[in-house]
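Please keep the sequence and the structure in view while reading.

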Amino acid sequence: MAKENLIRRQPLRNKIAVVCGGSKGIGKATAKEIVQLGGSVCVIARHMEPLETAAREMQGLVREDSQFVEVIACDATDMERLGPQLIDFVDRHGVPDYLINIVGYANPRYVQDLSLADYRNAMDVNYYGQLVPILLLLPHFITARKGYIANVSSVLGFMGIMGYATYTPTKFAIVGLTEALRNELKPHGIKFSILFPPDTDTPGFEIENRTKPEETALMSKSVKLMTAEDVGEAFIEGLLKNRYLILPGESAPLWRINRFFPWLVRWIIDRDYSKARAQLGKE
Ligand SMILES: NC(=O)c1ccc[n+]([C@@H]2O[C@H](COP(=O)([O-])OP(=O)(O)OC[C@H]3O[C@@H](n4cnc5c(N)ncnc54)[C@H](OP(=O)(O)O)[C@@H]3O)[C@@H](O)[C@H]2O)c1
């Protein structure tokens, strides 16, 4: 009922969002939610085919003539290629209201199996892939004295578990970046939020599971998997309520416990790791 009311109210009517990493998973669900609530979207991802499929699904949700769905096929870390395409978008549609940065991937493996290139690539995609669109749109936001930038971290942006040595630092980095920019850009009328998804059923999560160490899989078995749609809905609800920290599902209690009793979280994950190793017959 609450969702039906929201759709009826169309709170994002005449709003434009650039959704970077929006052709699959949480990004696609978020972009669809925006269109359902009356907004227009520019969806960015590297591969054209999934972008076109996603755009067709979004077009099917359009209710008003003024709404539009556009796509840009580009790597978000490629500032030189993305820059002119975003300038062209701003020239045609004006300064967007939202920049939503969803690009990211996890490559869970035992630390002994990770190379320096793995760490560099994770930082390149997960950190610079969200920083580059910010740097490109920021001058426009500052001139227009408006803009809402929402970045995507993870539960692993406030705690760390085994298997995620390349991923966790990148998600902490997103939190650090958002904290610094939030404070500096407040006088310019630019707002920020960070989303901390828990495990979510997406194409990215399916790929992640292929290399996940057995212990990591056992440790996260008790965590309830969210749907991308539920995370997308919680994300947009958080933005509409101007929430700085957006914590869907089980990430909310986890964040609170970790904030006030970090030693307890470390004790639990160390215990779960020992249990998983014992289960696998490891010392
Ligand atoms: N799923 C989870 O359990 C989970 C949990 C916590 C946090 N997160 C975070 O949530 C975000 C989305 O995760 P997801 O599982 O929904 O991912 P996903 O299913 O793999 O979707 C990722 C999206 O980003 C695009 N993308 C990836 N690299 C890109 C790049 N370099 N430039 C432009 N677009 C790029 C992908 O399209 P192309 O491949 O065509 O570029 C796709 O549209 C990530 O930041 C992830 O770290 C996910």
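## A residue in a loop and a surface patch

The model discussed here is predicted. F261 is located in the loop that connects α10 (251-260) with α11 (262-279). The residue is partly exposed, as its relative accessible area is 42%.

F261 also belongs to a nonpolar patch on the surface, together with I257, F260 and W263. The accessible area of these residues together is about 460 Å².

## The packing of α4 and α5

Two packed helices are described by the angle between their axes and by the distance between those axes. For helix α4 (residues 79-93) and helix α5 (residues 116-144), the angle is about 35° and the axes lie 10 Å apart. The two helices cross in a right-handed manner.

Residues from both helices meet where they pack. On the side of α4, these are M79, L82, G83, L86, I87 and V90. Their counterparts in α5 are V132, P133, L135, L136, L137 and H140.

## The loop between α3 and β3

D65 is found in the loop between α3 (48-59) and β3 (69-73). With a relative accessible area of 85%, D65 is exposed, because this value is over the 50% limit for that class. D65 and G25 are 40 residues apart in sequence, and their C-alpha atoms are 27 Å apart in space.

E64 lies in the loop between α3 and β3 as well. E64 is partly exposed, with a relative accessible area of 27%.

## Salt bridges between separate parts

The structure contains 13 salt bridges. In one of them, the side chains of R13 and E64 meet at 2.9 Å, N to O. R13 lies in the loop between α1 (2-9) and β1 (16-20), whereas E64 lies in the loop between α3 and β3, so the pair ties together parts that are 51 residues apart in sequence. R13 is partly exposed, at 38% relative accessibility.

Another salt bridge joins E57 and K32, whose closest N and O atoms are 2.8 Å apart. E57 belongs to helix α3 and K32 to helix α2 (residues 25-36), so this pair ties together parts that are 25 residues apart in sequence. E57 is partly exposed, with a relative accessible area of 29%, and K32 is partly exposed at 24% relative accessibility.

## A buried pair and a network

The side chains of K212 and E208 meet in a salt bridge of 3.9 Å, N to O.

Salt bridges can also share partners. In this way K3, E33 and E233 are joined into one network.

T30 is part of helix α2. At 0% relative accessibility, T30 counts as buried.

Which residues does T30 touch, when residues up to four places away in sequence are not counted? The contacts of T30 are I100, I102, G232, F235 and I236.

Terms used. Residues numbered from 1 in each chain as written. Predicted model: local features only at pLDDT ≥ 70, side-chain atom pairs only at ≥ 80, totals over all residues. Heavy atoms only, no water. Patch = residues over 30% accessible without salt bridge, like charges linked within 9 Å, V, L, I, M, F, W, Y side chains within 5 Å. Areas by Shrake-Rupley, 256 points an atom, 1.4 Å probe, with all protein chains shown as cover. Salt bridge = Lys/Arg side-chain N within 4 Å of Asp/Glu carboxyl O. Helix = DSSP H or I, 4+ residues; strand = E, 2+ residues; numbered from the N terminus. Buried < 20%, exposed > 50% of the residue type's maximum accessible area, 1.4 Å probe, protein only. Axes fitted to C-alpha atoms, helices over the stretch in contact; angles between N-to-C directions. Left-handed = near helix turned anticlockwise from the far one by under 90°. Contact = heavy atoms within 4.5 Å.
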